[in-house]
Amino acid sequence: MIRALLDAHGARAARLVEFAEDVRSGLLARPKTLPPRWFYDAVGSALFEAICQLPEYGVMRADDRLLRRHAPDVAARLPPVTLVAELGSGTGRKTRAVLTALAGRSSLTYRPIDVSATALERCRRELSRLPGVRVDALEADFLAGLRDVAGARRDGERALVLFLGGTLGNFERAAALDFLGAVRATLQPGDALLLGVDLLKSEDRLLAAYDDPAGVTAAFNLNVLARINRELGGNFDLRGFAHEARWDACARRIEMHLRALRPQVVSVPAAGVRVAFEEGETIWTETSSKFAPEELPELAAAAGFRVEAEWVDAEWPFAECLWVAD
Ligand code: AVJ
């Protein structure tokens, strides 16, 4: 118990150091950047849940529909799975259907991996009541967490990794391949990956999804500055920045930025930085790559998987991919 508390405390302290380092290097870089993983404190996680309710943001509903409809197919296409690891579980809302289908065949251990302690706690509460499912949460980065899970794995366990919600889009294409290759490296042949991928669609739909008229996405984006103020003692004036979503047609990605509305100087003492902004200068806070369906089999093969099945939503182009490690 005490050991667990100390571990949790240590993990949190280490995370704050990482946050400070990312803020420092990101604000000193050109263009200025902040990695999207820092969006998800308690406020940011709640705002993300709100984004998922927006009529303009169809990603999560498409993912939900596909998982509810095809969870039984996922279970039927794999040998009985006893270990399920999820990258970026959030509150685990979308995972329930998959776990229920899998646990119908064999009892299993579910290891949600997330950087948001708040989201993990809710995930544990929601999913530990499922019959045949033991929940063992891990507050960690995706790959570090997955390597821990692989290291603690017992002989004969059959693993399935879930990477849902389209979070792969946070990587540029080349980095997405590297990431999937790194995931593959933690797996054994015959293990599987269930991957949710948001697909290309019209620019209008994409821009509306990332710049909704009610301003929920704007609040989500700006909250990262508020978090820097709260946790690192920064003095960002949130009213001095505006949310911006852009579509880069060449790179096929949405970019989210925070644009300085006037020249200003900001200091973040715990990150050891003081930075000047010109009027109009931006901080690039998120990339959301969108994939063409034809790219997916190539991506699977290059990362060391074969495509077992793929389901695409009819309303909002989004693919649920079931890949098996070669
Ligand atoms: C959680 C990374 C899938 O990129 O669509 C939603 C995050 N950002 N609106 C996405 C997000 C702005 C989301 N992912």
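Q: How many helices and strands does the protein have?
A: In this predicted model, the protein contains 10 helices together with 14 strands.

Q: How does one read the radius of gyration, and what is its value in the protein?
A: The value is set against that of a compact globule with an equal number of residues. For 326 residues such a globule would have a radius of gyration near 20 Å, and the protein has 20 Å, which agrees. Along the principal axes, the C-alpha atoms fill a box of roughly 60 × 50 × 35 Å.

Q: What percentage of contacts in the protein joins residues at least 24 apart?
A: Among contacts between residues at least 6 apart in sequence, 74% join residues at least 24 apart.

Q: Where do nonpolar side chains tend to be in soluble globular proteins?
A: In soluble globular proteins, such side chains tend to be buried together. In this model, buried residues account for 53% of the 326 residues. The largest nonpolar core has 71 residues, and L160, L194, L225, F236 and V268 have the most contacts inside it. Helix 3 (residues 59–77) supplies the largest share of this core, eight residues. Apart from this core lies another, of 33 residues, including L146, F179, V197 and L199.

Q: Which residues does F236 touch?
A: Leaving aside residues up to four places away in sequence, F236 touches L27, L225, I228, N229, F241, V266, V268, F277 and I283.

Q: What does the surface of the protein comprise, and how many charged side chains are there?
A: The accessible surface comes to about 14100 Å², of which 55% belongs to carbon and sulfur atoms. There are 41 positive and 46 negative side chains, and the centres of these two sets lie 4 Å apart.

Notes:
Residues numbered from 1 in each chain as written. Predicted model: local features only at pLDDT ≥ 70, side-chain atom pairs only at ≥ 80, totals over all residues. Heavy atoms only, no water. Helix = DSSP H or I, 4+ residues; strand = E, 2+ residues; numbered from the N terminus. Rg over C-alpha atoms; globule rule 2.2 N^0.38 Å. Buried < 20%, exposed > 50% of the residue type's maximum accessible area, 1.4 Å probe, protein only. Contact = heavy atoms within 4.5 Å. Areas by Shrake-Rupley, 256 points an atom, 1.4 Å probe, with all protein chains shown as cover. Lys, Arg positive; Asp, Glu negative; His and termini not counted. Charge placed at Lys NZ, Arg CZ, Asp CG, Glu CD. Core = buried A, V, L, I, M, F, W, Y, C linked by side-chain atoms within 4.5 Å.
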